[in-house]
Amino acid sequence: MGLKEKIITKSLWVYHVSAGSCNNCDIEILDCLTPRFDIERFGMQLVGSVRHADVLLVTGAMNKKSLKRFKRVYEQAPKPCFVVAVGTCPCSQHMFRPSYSMEAPLDEIIPVDVYIPGCPPKPEAIIAGIVKLIEKVTKK
Amino acid sequence: MFIFEYFVFPGFLFTILLGGWGWWLERKLSARFQYRVGPPWYQNFIDIAKLFYKEQIIPEGANRTLFILSPIISFASVLLLSFMINSSYLYGEGFVGDVIVILYLLVIPSLFIVLGGVASSNPLATTGASREIKLMLSYEFIFIVSLIITIIKSKGIISLVGIINYQHEFGSHLWSISGIIGFMLGVFYIQAKLGIVPFDVSEAEQEIMGGPFIEYCGPLLGFFKITKALLYFILPLLIVLLFLGKNLGWHLVYKYIMMVLIISVIKNTNPRLRIKDILSFFWFFLFPLGCIGVVLAILGY
Amino acid sequence: MIKDEVKKKLEGKFKDWFVKNPRRIYFTIDKSNLRSVAEVLYKDFKMRLSTVSGVDNGDNFELIYHFGSDKTGELFNVRVFVYERHNPEVDSLVPMFRATEWVEREIHEMLGIKFIGHPDLKHLLLDHDWPEGNYPLRKTCILEKKPYPQDKEDENG
Amino acid sequence: MANKKRKIVPIGPYHPLQEEPEFFKLVVEGENVVDLEIEIGYNHRGIEKLSESKHWDQVTFLVERICGICSTSHPFAYVLAVEDLLGIEPSERGSYIRMIVAELERIHSHLLWLGLAGHFIGYNTVWMWAWKAREPVLDLFELISGNRNSYAMMKIGGARRDIKEEDYSTIRKTIKDVYKDLRLFQKAVEDDPIIHKRTKGIGVLSKEDVISFGAEGPTARASGVDIDVRRDDPYACYDKVDWSVITCEEGDVYAKVVVRILEMFESCRIIEQSLDKMPRGEIAVEVRDIPPGEGIGRVEAPRGECFHYVRSDGTNRPVRHKVRAPSFMNVATNLVSVPGYTISDAAITLAAVDPCYCCTERSVTFDRKGNKLFNGEDLIKLSQRKTEILREQLRKQYGK
């Protein structure tokens with residue numbers, strides 16, 4: 001475990017991308033910031049611009065229209081940038097998979113580091129997922 | 001020796017340690033206001049260190065030179081500034097007219113934030129830059145008025161060390177009506193300069209996504225963050241030196257913490273103002289107030 | 001309850017008047033009468049257009065305009081049948097109230113029904129490069145079948 | 001520095017202003033917004049194809065996933081539509097349970113909006129405080145249904161789960177606490193001059209525009225249009241409890257804040273009365289086959305009227321299911337309420353209708369071809385999904 005990994009995992013700035021979600025995961029992500037869960041104590045912050053992002057929290061089943069945008073967002077993110085699929089939708093597209101406006105699950109488009117299944121995952125689960133991400137990064 | 005002074009003590013390293021800590025204090029206090037725990041004390045250092053590990057992207061269509069130079073120049077100017085201010089109260093070193101140099105150096109970071117925003121050629125960044133310019137026109141003037149008040153009260157001494165020594169002898173400027181007015185102007189100046197709610201229109205995250213900083217990432221953003229950390233230390237300190245210069249030494253610690261507390265309270269009890277409201281607040285409320293303060297200072301109140 | 005008044009006022013323009021329960025009234029009108037009926041319901045009875053449901057019945061299209069009276073809680077469901085399979089057209093209600101602007105855009109992209117008099121019938125929900133003539137809600141639209149991820153796993157192992 | 005040249009300020013699709021992707025193009029002159037273009041569809045999921053394997057009962061869960069915040073309103077409207085089709089009355093206890101869950105959802109949704117509105121005007125303290133007050137409501141949901149969002153409480157004919165009598169006292173106590181917090185917010189909003197400055201006279205929506213756009217819910221009521229499906233077309237047991245419809249005349253953002261805060265008080269009252277009046281007995285009546293026919297369900301969701309239309313041909317799946325969410329009508333009102341104000345105002349005005357793009361771009365319609373019933377493949381798929389859900393539950397338990 002190098003110094004670099006240690007520093008990055010102590011200061012994860014998350015950027016939230018919603019690609020055809022149902023809002024549940026999105027509000028649970030915001031819930032992580034609020035008093036009961038408060039991820040700022042782990043040094044995580046929600047940032048407004050993708051240029052500042054270290055982690056992309058992706059929710060939603062990735063429909064065709066938002067896919068184009070999402071690809072651009074991903075290209076704009078400075079590397080190293082980790083991708084976390086929040087909710088069952090980006091993991092497997094959930095019940096929306098056969099729909100005509102859906103493209104593909106997230107991991108067929110970009111490499112995904114951590115999957116957090118659940119509809120919606122509880123804030124505890126999201127935090128646990130981020131902890132998994134930290135473990136993964138530091139063990140590399 | 002000079003290099004040591006400039007970069008380690010009392011220059012860069014010393015200031016950034018205290019600035020990062022002051023910034024953390026503000027974040028922690030805000031978190032406590034909001035029933036949160038808040039970040040650990042080393043958070044800002046980690047954040048800045050991390051940014052230097054990140055990839056540097058220069059957006060297409062940006063003016064490369066300006067885009068790269070802006071954060072570095074604003075960082076350099078604040079570095080010089082912190083050295084000047086620190087040596088004034090630590091060693092009593094300074095020169096006649098250094099407050100005016102401080103004034104100029106304080107304009108540079110804001111100016112280069114504006115230039116950096118314009119250079120990144122992003123509509124949101126340019127909106128933020130134009131807001132920052134409007135804001136600068138108002139808050140820099142308020143700071144000048146505040147400076148004039150303290151200079152008048154120090155019987156026309158135009159040097160930081162002189163002002164401190166004067167207060168040491170005759171008591172802090174704050175304990176008079178004009179002093180309170182000048183101090184108030186100074187607090188609002190800090191608030192606007194650091195881009196804290198209610199005066200953070202230029203980087204309003206919910207409206208224009210960080211304004212001038214929207215396209216910055218990696219080390220260049222890191223330089224801006226260092227600049228901000230340094231400003232977090234020297235701005236409250238400067239106001240303390242100008243208006244509460246009686247007992248320094250260890251007393252500086254609680255005076256500085258008090259300043260951060262005031263900033264934090266204002267931040268957490270107000271929504272963001274519109275740029276129009278800010279301008280009218282600065283020009284039609286604070287500016288006449290400042291004029292009254294100057295008159296009172298001349299009259300000796 | 002204003003359904004008797006409505007019935008009187010629209011005399012001769014509707015058929016199949018059907019009161020399913022006191023608050024749900026269904027009736028069918030001719031395509032050409034749509035604007036005048038909507039005007040009566042919207043202007044004279046101050047009703048609100050809840051939405052328009054488009055149904056593909058295989059050989060025809062059915063548009064159901066749901067007009068709700070907020071004072072009595074009655075819901076008048078006006079059926080309009082469009083029999084043209086190719087290039088179906090209906091009068092747009094946008095000149096009367098803007099509420100239908102998005103509704104009609106959506107029906108246009110989903111069912112391919114043209115609204116005459118609509119200012120801008122571009123895509124609302126679908127992507128701009130969605131293939132022309134592919135209307136997802138028509139029964140003829142057949143979509144590819146995607147296997148679930150676990151199906152793939154099963155194939156592999 | 002205000003140059004009079006027009007430029008376009010994009011808001012979105014990925015923007016911290018809202019959690020969901022949507023795209024507003026603000027045409028601005030200097031700081032003033034002169035025109036607005038709305039581009040939606042980034043959340044469009046279109047579930048048509050999927051409904052080939054959806055049974056009437058399963059659709060309840062599907063519509064629950066239209067939107068996470070209105071995850072009671074959509075199933076509620078759907079089951080009402082099916083009951084309208086069948087011509088049956090749900091069980092009374094079931095109706096009360098539905099009503100309690102729907103009103104709890106209104107409180108949670110309005111508190112969520114209140115917090116976000118504070119966030120949008122840069123008042124993070126309001127955000128944190130409102131969401132702190134919202135947590136106990138989510139705990140109640142967890143107590144009642146087992147999940148914080150997506151409660152799965154609706155069932156054709158009644159409720160899927162009972163509210164246990166030993167939980168009544170917890171619900172009452174939480175509602176009392178929420179009531180206290182709401183008083184705090186009410187006072188804060190009424191007293192703070194800077195909140196007034198940011199919200200009064202901003203984003204004014206006239207009564208005529210509301211009627212023309214067909215806006216509904218708090219957006220319409222804040223403009224003085226007195227509509228509320230709960231009163232106009234009473235469903236569940238809203239006609240058996242005492243409550244009132246809140247309206248304001250101004251139509252600006254401030255009026256929308258006030259309407260929402262006062263509505264939460266009404267919701268608290270409804271819940272307390274429902275707990276008193278709730279009879280014992282079955283929570284659901286049995287429903288076997290769905291005959292051919294059509295039905296309409298209307299529910300007053302937190303954002304306005306939620307409209308579901310279903311048609312059956314006698315098989316075990318709907319032939320047509322039209323969903324019209326309240327935001328679909330409300331979002332369009334931004335076209336008239338945003339231009340004429342500054343960019344800063346645009347942020348809060350766009351948010352003031354409480355837009356819910358997941359609803360707006362909902363899974364438009366359910367439709368299916370032919371009369372095919374379940375075939376083997378579908379059943380396998382269903383069981384696989386069930387296994388997946390079970391596995392997930394186990395994982396969750398294990399995680400705890």
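Where is the place of A:Pro120 in chain A?

1. Basis of the note. This is a predicted model, in which local features need pLDDT of at least 70, side-chain atom pairs count only at pLDDT 80 or more, and totals for chains, interfaces and linings use all residues. Residues are numbered from 1 along each chain as its sequence is written, while chains are lettered from A and ligands numbered from 1 in the order in which they are written.

2. The loop at A:Pro120. A:Pro120 is placed in the loop between E5 and H5 of chain A. Helices (H or I, at least four residues) and strands (E, at least two) are DSSP runs, numbered from the N terminus. The peptide bond that leads from A:Cys119 to A:Pro120 is cis, and its omega is near -10 degrees. Most peptide bonds are trans, and most residues other than glycine have a negative phi.

3. The sheet of chain A. An open sheet of 5 strands has the order E2-E1-E3-E4-E5 in chain A, with parallel pairing. Two strands pair if DSSP finds at least two bridges between them. At the edges are strand E2 (45–46) and strand E5 (114–116) of chain A, each pairing on one side only. Strand E4 (residues 82–86) of chain A runs parallel to E5(A) and is joined to E5(A) by 3 bridges. A:Ala85 has A:Tyr115 in E5(A) as its bridge partner. Helix H5 (residues 123–139) of chain A lies across E4 and E5 of chain A, at about 165 degrees to E5(A). Axes here are lines fitted to C-alpha atoms, for helices over the stretch in contact, and angles run from 0 to 180 degrees between N-to-C directions.

4. Chain B against chain A. In this interface, 16 residues of chain A are in contact with 26 residues of chain B; contact requires that the C-beta atoms of two residues, placed from the backbone, lie within 7 Å. On the side of chain B that touches chain A, helix H3 (43–53) and helix H10 (218–243) of chain B each supply at least two residues. The largest share of that side, 6 residues, comes from H3(B). By class, the side of chain B that touches chain A has 14 nonpolar, 5 polar and 7 charged residues. Ala, Val, Leu, Ile, Met, Phe, Trp, Tyr, Cys and Pro count as nonpolar, Asp, Glu, Lys and Arg as charged, and the others, Gly among them, as polar.

5. Two helices in chain B. Two packed helices are described by the angle between their axes and the distance between the axes. For helix H8 (residues 177–193) of chain B and H10(B), the axes come within 10 Å and cross at roughly 175 degrees. H8(B) and H10(B) are therefore roughly antiparallel to each other; angles under 35 degrees count as roughly parallel, over 145 as roughly antiparallel, 65 to 115 as roughly perpendicular and the rest as oblique. The residues that meet include B:Phe183 and B:Ile190 in H8(B), and B:Leu235 and B:Ile239 in H10(B). By class, this contact of H8(B) with H10(B) has 9 nonpolar, 3 polar and 1 charged residues.

6. The sheet of chain C. In chain C, 5 strands form an open sheet in the order E1-E2-E5-E4-E3, and the pairing is mixed. E1 and E3 of chain C stand at the edges with a single partner strand each, so one side of each has no neighbour in the sheet. From one strand to the next, the twist averages 20 degrees. Strand E2 (residues 24–29) and strand E5 (residues 75–82) of chain C pair in the parallel sense over 6 bridges, and C:Arg24 stands opposite C:Leu75 in E5(C).

7. Positive phi in chain C. C:Asp16 is not a glycine, yet has a positive phi of about 55 degrees. C:Asp16 is found in strand E1 (residues 14–21) of chain C, and C:Asp16 counts as exposed because it has 9 C-beta neighbours inside 10 Å. A residue is buried if 20 or more other C-beta atoms lie within 10 Å of its own, exposed if 12 or fewer, and partly exposed in between, with C-beta atoms placed from the backbone.

8. Chain D. The secondary structure of chain D comprises 15 helices and 9 strands, and 61% of its 400 residues are buried. D:Gly94 is in helix H3 (residues 92–120) of chain D and counts as buried, with 25 C-beta neighbours inside 10 Å.
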